[in-house]
Each structure stands twice: as C-alpha cells, then as structure tokens.
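Here is a short briefing for a first look at this structure. Start with the strands, then turn to the core.

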Amino acid sequence: MEKKTIFLIWLILITIVGITSSVILLSHNISDDQKSDNPKNIKADVIMPTKVSRPGCESTDSCYIPSKIEIKKGESVTWVNQDAAFHSVTAGSYGEPSELFDSTYLDPEESFTFIFENIGTYDYFCTLHPWMKGQVIVQ
Ligand SMILES: [Cu+2]
C-alpha cells in the first residue's frame with residue numbers, strides 16, 4: 001500500500017517535470033520566432049546604402065535604392081537604413097514636407113514601413129540630407 005503511494009507521487013512528479021519542460025521549450029520557440037522579426041531580417045523594398053550622408057549619391061540617383069518604386073494601392077513599402085548614419089524617410093520635399101508619412105530619424109539597421117492606401121505619386125526625402133530623394137508610385 002505504501003509502495004503504491006510512493007509510486008503515485010513519483011508518477012505525479014514526473015508528469016509535472018514533463019509539463020514544465022514542454023512549457024519552457026515552447027516559450028523558447030516563441031521567443032526565437034520573435035527574434036526573426038528584428039530589423040536585420042526584415043525584407044527591404046528600398047534601402048539607404050552606405051555613405052549617402054555626404055552629397056554625391058544624387059548624381060547617380062542612388063541615395064535610396066531603388067529611388068523609384070512602383071506598388072499597387074493598399075501595398076506597403078519598407079525602407080531599411082543600411083548606412084552607419086541616421087536618415088529619415090519623410091513625405092514631400094525638402095522644406096515642403098507633406099506630412100503623409102515621416103519615419104523620423106532611423107538608426108543604422110532600423111526600418112520603416114508605410115502602407116499606401118491611395119493611388120498617386122509620392123515624393124519623399126531625408127530631413128538630414130536634402131540631396132536624398134526618392135519616389136513611390138502607387139497604381
Ligand atoms: Cu539622410
């Protein structure tokens with residue numbers, strides 16, 4: 001009778017340990033999934049390449065790559081800052097921001113996504129480097 005009780009307690013303990021380790025393993029997997037959402041793994045539609053914080057990229061239209069992107073209404077564009085300097089993605093043109101979107105300062109490797117709900121041609125620029133210009137064409 002006593003042996004049976006000990007066996008039952010042992011069985012309950014094993015079950016608890018089993019459940020606890022499954023929960024720990026599951027939560028580990030969840031945090032691994034969340035890590036893949038970090039900016040370095042984000043799919044970039046447009047990048048800000050290196051060294052665009054000095055003038056020059058505008059002569060080859062490569063301050064944002066690609067500088068012109070065509071999408072369909074309702075789609076989004078994701079910009080990723082691959083430079084070592086801060087940049088922004090700001091709707092409008094230098095001195096005339098349209099206020100439709102503004103990433104504010106993006107750190108290196110940081111990204112910004114905007115969903116375009118309306119057809120049109122949208123100019124954007126970098127508030128820190130006026131020579132940096134790009135365009136989103138929504139069809
Ligand atoms: Cu910039």
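Thr 90 has Asp 102, in β5, as its bridge partner. This is a predicted model: local features need pLDDT of at least 70, side-chain atom pairs count only at pLDDT 80 or more, and totals for chains, interfaces and linings use all residues. Residues are numbered from 1 along each chain as its sequence is written.

**Hairpin**
- Strands β4 (residues 90–93) and β5 (residues 96–102) run antiparallel and are joined by three bridges.
- Strands are DSSP runs of E, at least two residues long, numbered from the N terminus.
- Two residues separate β4 and β5 in this hairpin, and Gly 95 in the turn has a positive phi of about 85 degrees.

**Open sheet**
- Three strands form an open sheet in the order β1-β3-β6, with mixed pairing.
- Two strands pair if DSSP finds at least two bridges between them.
- β1 and β6 (111–115) are the edge strands, each pairing on one side only.
- β3 and β6 run antiparallel, joined by five bridges.
- Ser 76 stands opposite Ile 115 in β6.

**Nonpolar core**
- The largest nonpolar core has 18 residues; Val 52, Cys 63, Tyr 64, Val 77, Trp 79 and Met 132 touch the most other members.
- Such a core is a set of buried Ala, Val, Leu, Ile, Met, Phe, Trp, Tyr and Cys residues joined through C-beta atoms within 7 Å.
- Buried means that 20 or more other C-beta atoms lie within 10 Å of a residue's own, with C-beta atoms placed from the backbone.
- β1 (46–48), β3 (76–81) and β7 (120–125) each supply at least two residues of this core.
- β3 gives the most, with three residues.

Definitions and conventions:
Buried ≥ 20, exposed ≤ 12 C-beta atoms within 10 Å, placed from the backbone. Helix = DSSP H or I, 4+ residues; strand = E, 2+ residues; numbered from the N terminus.
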